[in-house]
Amino acid sequence: MSKSDNYKSLFVEPSKNIHLVCKVKMVFISETARRRLSLVVCAFHERGVTLTSYLETVLAHHFKEYQGEISAMLDDILQSTNIDSDSQ
């Protein structure tokens, strides 16, 4: 499988979560990121990809891929916060 095919299989999915639209929160991003996202979403629009579905898929993959690292960092932060709180 090519890198392009692999990318498409991971991130190019039609929107399945239409109900999420009511729960969407606004997020501010740079103009550069917005332009790049627009290009990707427009390229796959005919496949049913929306900005929301694309970002949900990319973030879900990121969190799954780096779950261990994220958990370890959060644990470190919580431990250091607890140590700081205990010393006061």
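Which residues in α2 meet which residues in α3? I began my notebook with that question, and before answering it I noted what kind of model I had.

**Entry 1: ground rules.** I am looking at a predicted model, in which local features need pLDDT of at least 70 and side-chain atom pairs count only at pLDDT 80 or more, while totals for chains, interfaces and linings use all residues. Residues are numbered from 1 along each chain as its sequence is written, and side-chain values use heavy atoms, with hydrogens and water left out.

**Entry 2: the whole chain.** I found four helices and zero strands, in the order α-α-α-α along the sequence; helices (H or I, at least four residues) and strands (E, at least two) are DSSP runs, numbered from the N terminus. Of the 88 residues, 10% count as buried, where buried means under 20% relative accessible area, exposed over 50% and partly exposed in between, with a 1.4 Å probe and protein chains only.

**Entry 3: α2 against α3.** To answer my opening question, I wrote down that L37, V40 and V41 in α2 meet L51, Y54 and L55 in α3, a contact being heavy atoms within 4.5 Å. By class, this contact has six nonpolar, no polar and no charged residues; Ala, Val, Leu, Ile, Met, Phe, Trp, Tyr, Cys and Pro count as nonpolar, Asp, Glu, Lys and Arg as charged, and the others, Gly among them, as polar. The axes of α2 (residues 31-43) and α3 (residues 51-65) come within 10 Å and cross at roughly 105°, which makes the two helices roughly perpendicular. I noted that axes are lines fitted to C-alpha atoms, for helices over the stretch in contact, with angles from 0 to 180 degrees between N-to-C directions, and that angles under 35 degrees count as roughly parallel, over 145 as roughly antiparallel, 65 to 115 as roughly perpendicular and the rest as oblique.

**Entry 4: α1 against α3.** Helix α1 (residues 3-11) packs on α3 at an angle of about 105°, with the axes 9 Å apart, so α1 and α3 are roughly perpendicular as well. Here Y7, L10 and F11 of α1 make the contact with Y54, T57, V58 and H61 of α3.

**Entry 5: H61.** I then looked up H61, which is partly exposed, with a relative accessible area of 25%. Leaving aside neighbours within four places in sequence, H61 is in contact with L10 and F11. From H61 to L10 I count 51 residues in sequence, yet their C-alpha atoms are 7.7 Å apart in space.

**Entry 6: the core.** The largest nonpolar core has seven residues, F11, V12, L37, V41, F44, V49 and Y54; such a core is a set of buried Ala, Val, Leu, Ile, Met, Phe, Trp, Tyr and Cys residues joined through side-chain atoms within 4.5 Å.
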